[in-house]
Amino acid sequence: MTRIALLIAMTLSLSACEQVALMTTAPKKPAISKGQLTKTATHQFWQSLHQGHYQRLPQSIHLLTAAYLKNPNDPNLAAYLGFAHIWKITERQREQGIPPTITDHMILAKFYFNQAVALNPSDARLQGFLGVSELATGKIFADEREQVRGYFQLKYAIHQWPAFNYFTAGYPMTMLDAQSPYFKQALAWQWDTLDVCAGTTVNRNNPDFAPYMKLETQTGKARACWNSWIAPHNFEGFFMNMGDMLVKQGNWPTAIKIYKNARLSKNYQSWPYRHMLEKRIQHARENVKYFQENNQHAADKVIMFNSGYGCVVCHQQ
Ligand code: HEC
């Protein structure tokens, strides 16, 4: 045998060895924990999210990490850690000066969503957030292969739960140039969300959602279209983001119609971010240039994703 052939044979048998070893080793098994630390950490996390307390995130991350180290098989703790880290980086405009190490939170989010998905593969919400964190780390570290992985992970997640993941997949892409094919894809996914939620094709020129309000539900996959305990203003936040995307694309007249759908929500009056939306309706036309610039402006002059309130718009009570 030539030296090269020997080398190839050795490599092949080594990788075959690795495959066999991996296949015969059991994967992590899920085990829900019920201890006091888990209860405290979970309660504190939900309280922070529902009250919009970004400043309390370090404490939440501290508690959740302690709880997960003690219960490393708990899928919920892994998921909450993923959400906590991705919240930290998404609303980073609220930091006093953004350090380069803020990107560590995306690495950690990806790690914990990977753990969460391994422990609970049937939760398509986690599949979606795993895809987002893969796409984002790929982008941050200029790793195109990782971005492709993220994109296909998102396609898989959309297939599992369209009403939830069309939005989730498209949301981080709102940062991209309005002319880029991915931005256009992301906007098409928001229309797809409306169609899935309405159960019919929503009129692209006059997208009035009033006829579909009777479909509101708290159960099944369609619940992702409406408000709930988990996301008390999901409905309003969804339309704020979609309106922002249309403004960024230059289509401010349709954006105004989309924004106005948020007012159909039963608890619109108690939504902490309604003034932000009303200003967007008022200034839709002039916001076209601001939203396209993607510069550091006040929250009213940047797209929702970059506003510093990109999570709590939907989750704050
Ligand atoms: C457009 C509104 C919207 C935005 C923006 C949004 N979410 Fe959500 N979120 C939802 C909806 C809807 C659900 C699913 C509710 C359900 O399962 O009934 C959800 C689910 C969740 C959950 C619950 C997961 C579980 O295990 O129960 C967490 C935590 C969460 N989101 C955190 C975040 C974070 C962090 C961000 C910012 C990166 C964010 N969300 C952005 C609407 C939103």
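Residues are numbered from 1 along each chain as its sequence is written, and side-chain values rest on heavy atoms, with hydrogens and water left out. Because the model is predicted, local features need pLDDT of at least 70 and side-chain atom pairs count only at pLDDT 80 or more, while totals for chains, interfaces and linings use all residues.

The chain is divided into domain 1, residues 32-160, and domain 2, residues 162-317, with bounds that come from an automatic or database domain assignment. The C-alpha centres of the two domains lie 22 Å apart, and 25 residues of domain 1 are in contact with 28 residues of domain 2, where contact means heavy atoms within 4.5 Å. About 2,300 Å² is buried between domain 1 and domain 2, and carbon and sulfur atoms give 67% of that area; buried area is the accessible area (1.4 Å probe) that two parts lose on being put together, summed over both. His50, Gln93 and Ile158 supply 29% of the area that domain 1 buries against domain 2, more than any other three residues. The count of salt bridges between the two domains is zero, a salt bridge being a side-chain nitrogen of Lys or Arg within 4 Å of a carboxyl oxygen of Asp or Glu.

Helix α5 covers residues 104-119; helices (H or I, at least four residues) and strands (E, at least two) are DSSP runs, numbered from the N terminus. The 16 residues of α5 reach 23 Å from the first C-alpha to the last, close to the 22 Å expected at 1.5 Å a residue, where the expected span is 1.5 Å times one less than the number of residues. Among the buried residues of α5 are His105, Met106, Ala109, Tyr112 and Phe113; buried means under 20% relative accessible area, exposed over 50%, and partly exposed in between (1.4 Å probe, protein chains only). What covers the buried residues of α5 includes α3 (57-70), α4 (75-90) and α6 (124-140).

Ile86 is placed in helix α4 and counts as buried because its relative accessibility is 5%. Leaving out residues up to four places away in sequence, Ile86 touches Met106, Ala109, Phe113, Phe129 and Val132.

Thr38, in helix α2 (residues 36-51), counts as buried because its relative accessibility is 8%. Beyond its neighbours within four places in sequence, Thr38 is in contact with Ser33, Ala67, Asn71, Asp74 and Leu77.

In helix α11 (residues 252-261), the buried residues include Thr254, Ala255, Ile256 and Tyr259. The cover over the buried residues of α11 includes α9 (181-198), α10 (234-248), α12 (274-282) and α13 (284-293).

The structure holds eleven salt bridges. Lys88 pairs with Glu95 in one of them, with the closest N and O atoms 3.0 Å apart; Lys88 counts as buried at 13% relative accessibility, whereas Glu95 is partly exposed at 21%. Asp195 forms a salt bridge with Arg204, the closest N and O atoms being 2.9 Å apart, and here Asp195 is buried with a relative accessible area of 17%, while Arg204 is partly exposed at 31%. Lys110, Glu146 and Arg149 are linked in a network of salt bridges.

Arg94 forms a salt bridge with Glu91, with the closest N and O atoms 2.7 Å apart, and Glu91 counts as buried because its relative accessibility is 0%. Both Glu91 and Arg94 are touched by Val312, which also touches Leu49, Gly52, Trp87 and Tyr273, not counting residues up to four places away in sequence. Val312 is found in helix α14 and is buried at 0% relative accessibility; its C-alpha atom is separated by 8.9 Å from that of His233, 79 residues away along the chain.

Helix α14 (residues 312-315) also holds His315. His315, through NE2 at 2.0 Å, is the only protein donor of the iron atom of the ligand. Donors are N, O and S atoms within 2.8 Å of the metal (3.2 Å for Na, K and Ca), and water is not among the atoms, so sites may look incomplete.
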